[in-house]
Amino acid sequence: MMDRQPEINTQRHVYQVDALSANNNIPAEATRRPAAKKPHKKKRTCADYVKKTIPSIDWLFLNYRWSKDFAEDTMAGIAVAVLNIPQGMAYSILGNVEPTVGLYMAVFPVLVYSLLGTSRHISLGVLSVLCLMTGKVVTTYATDGAEDDPTLGYSAIQVATAVTMVAGLVQLVMYVFRLGLLCTVLSETLVSGFTASVAVIVLTSQLKELLGVDVARRHGMMQVPNTFYDFADRFHTINWATTAVSITTVTILLVYNKYLKERINSRLCMPLPIELIVTVFATVLFQVTTIAQDYNMVQMGEIKAGLPAFEVPPVKLFSAVFVDACVIALVAYSITMSLALLVSEKLKYPLDTNQELLAQGLGNVVGSFFSCLPSGASPSRSASQQTVGGKTQMASIVSAAIIVVVLLWIGVVFEPLPRCVLSSIIVVALKGLLMQVLNFPEIWRKSKTDGTVWIVTYLTVIILDIDSGLLIGVVVSLLFVFVKGVLNEVHVLGRLPNTDLYVRLDLYGDAVEIPDVKIVRYAGSLNVINRYMFKRKLIEVTRDDDATVTVTVVDGKNPTGGRRPAQCVVVDMAALQYADAAGAKMLSESIESLVSDGFNVYLAAVPDSSLEFIRGSNGVKAVRFFPTVHDAVVYHQCSSKKIQDSMYDTQPSKTPNGL
């Protein structure tokens, strides 16, 4: 037997909206019962608010499973710590501050976040994008020699901590006003284009260290093209020993990551810290040899031992760095939340977006007193913390404790390390971000809008500047959202034979128009901005070819042909989002125009939220409202004297849906 399509046969009256309301005893708006009240919530106590504000009280002090989770959290903490050492020192170079600053950031903001944050797996600390953005501000306002003579101006670390303090305060203000959803301003597409372009800027900024070329670091507009011009102009000053070390380091890291990483890590209980191994090996090599001195290679130099002293950031700088700090605060929160949401959705646990603002903001404020740059979540460290088996932020606490030990007793051993090794680590870490440019064709194929946002953000950041490019990207993204919000669509519908389904004629080849009836579907909002667009499109489709309809198939059995003038216009408004006063007025004017031209106008499937508002307009008081398009069509066919049995079956008072 051949498979047959299931059939649905129903029989009911043809309804108008008023009759439907009367038959079902729908009360007038003034006498309607109030909406059901929400279930009564248990009144929160002071202890509940404290637990909500400090989540660690619950997971760490009350419910932590020491026997099950501590061993795995410790292993994850060790894995994160060994990544933090080379990354912390390397990314500090981007911020134009001392290498130990990156290690400070692996302690103070991390401890604050572990107590207040709601994500169990993200690793806060140095992030290349934030360090680079902060480094630009440091270059602008820092004065050479200010470390030794404060009267000359502000030192690099003073400018950096001022940025950190303001960024933290901005995030705390966002927390107070519950602006956690503000991170949605930066869409995934925009963040992808932004981070890919920043990776290009980071790469060009490290060419000086990678090649040992004596050039000044560029900032501001056209910094990438200008940097390449400077290298071409000063290429004769290249240090071949530095270049050789950089090429060797990059090659080792790339080969390991591509061919050996998965094989080796699958046999170990934690990822092999290849970056730390390379850093330690290079440190020992240049400690026992004189290669660096013989070939004038730039080394790390003096590294301060111990923890930083408590120092209040210069308040006078706050106003100068305010705009840059606001951008950094928003970027830091958006990137961190994107990563946190990705992990939480994968592992099925909730996040509190506003609580994250408190945790990150207070972490930056505390960190600013201890020589820290603005912090953010690192994808590589967070991935390690999660894949090794970390269960809670206890892993971050263990990692911070290990970094404290490094700062107190071990950090000084890295003084002979050439800076080009750290720059090589940065470049390899940027590979994933740099390769995002290969995703652009796929983004463009799926959505021209997303592709435009991506490429505009990418190019403007590279050509102009980080702040300007990000601002332009956000403006373009919001502009598309606005334009899509005011655009509307008007399509002509036809009926699928032997059904009561009405679909777009341009998408369904089997659909046919109903004789004497022009069915129009409107999708979008109807407001002051797009009202004239609505009127123009409605006139175009209803008066096209003198408002005739093509009749090709009637009942699936008797094909006929010919063109007849439409007498009725049915406007399907099921996809109406909302209508304001100006939009409703334009709708009434359009209906009056159609009525004056001899059309019967019916409105079908008007949403309840807009029904009373539209019916209040003067121009639509004489218009009939129907709950579905099929009711309007059948009503017209039953009341029309021009129905021909050879084209449409006579409609009884009770009509099956097959009509």
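Where is Gln 16 found? Select it: Gln 16 sits in the loop between strand S1 (11-13) and helix H1 (17-23). Helices (H or I, at least four residues) and strands (E, at least two) are DSSP runs, numbered from the N terminus.

This is a predicted model, in which local features need pLDDT of at least 70 and side-chain atom pairs count only at pLDDT 80 or more, while totals for chains, interfaces and linings use all residues. Residues are numbered from 1 along each chain as its sequence is written, and side-chain values use heavy atoms, with hydrogens and water left out.

**Stop 1: Gln 16 and its partners**

Gln 16 and Phe 625 are 609 residues apart in sequence, yet 5.8 Å apart in space, C-alpha to C-alpha. Now show the contacts (heavy atoms within 4.5 Å). Setting aside neighbours within four places in sequence, Gln 16 contacts Arg 624, Phe 625, Phe 626, Pro 627 and Tyr 635.

**Stop 2: the whole chain**

Zoom out. The protein chain has 27 helices and twelve strands. Of its 659 residues, 50% count as buried. Buried means under 20% relative accessible area, exposed over 50%, and partly exposed in between (1.4 Å probe, protein chains only). Take the contacts between residues at least 6 apart in sequence: 78% join residues at least 24 apart.

**Stop 3: H9 and H11**

Select helix H9 (residues 188-205) and helix H11 (residues 223-233). Their axes come within 10 Å and cross at roughly 25°. Axes are lines fitted to C-alpha atoms, for helices over the stretch in contact, and angles run from 0 to 180 degrees between N-to-C directions. H9 is therefore roughly parallel to H11 (angles under 35 degrees).

Show side chains here. H9 contributes Val 200, Ile 201 and Thr 204 to the contact; H11 contributes Gln 223, Val 224, Thr 227, Phe 228 and Phe 231.

**Stop 4: Asn 354**

Go to helix H16 (residues 353-368), where Asn 354 lies. Is Asn 354 buried or exposed? Asn 354 counts as buried because its relative accessibility is 9%. Not counting residues up to four places away in sequence, Asn 354 touches Met 174, Tyr 175, Arg 178, Leu 179 and Gly 180.

**Stop 5**

Finish at helix H26 (residues 608-615), whose buried residues are Ser 610, Leu 611 and Ile 614. These residues lie on the same side of H26 because they cover an arc of only 120° around the axis. The arc is that of the directions from the helix axis to the C-beta atoms. Turn to the other side of H26: Asp 608 and Ser 609 are exposed there.

Conventions:
Parallel < 35°, antiparallel > 145°, perpendicular 65-115°, else oblique.
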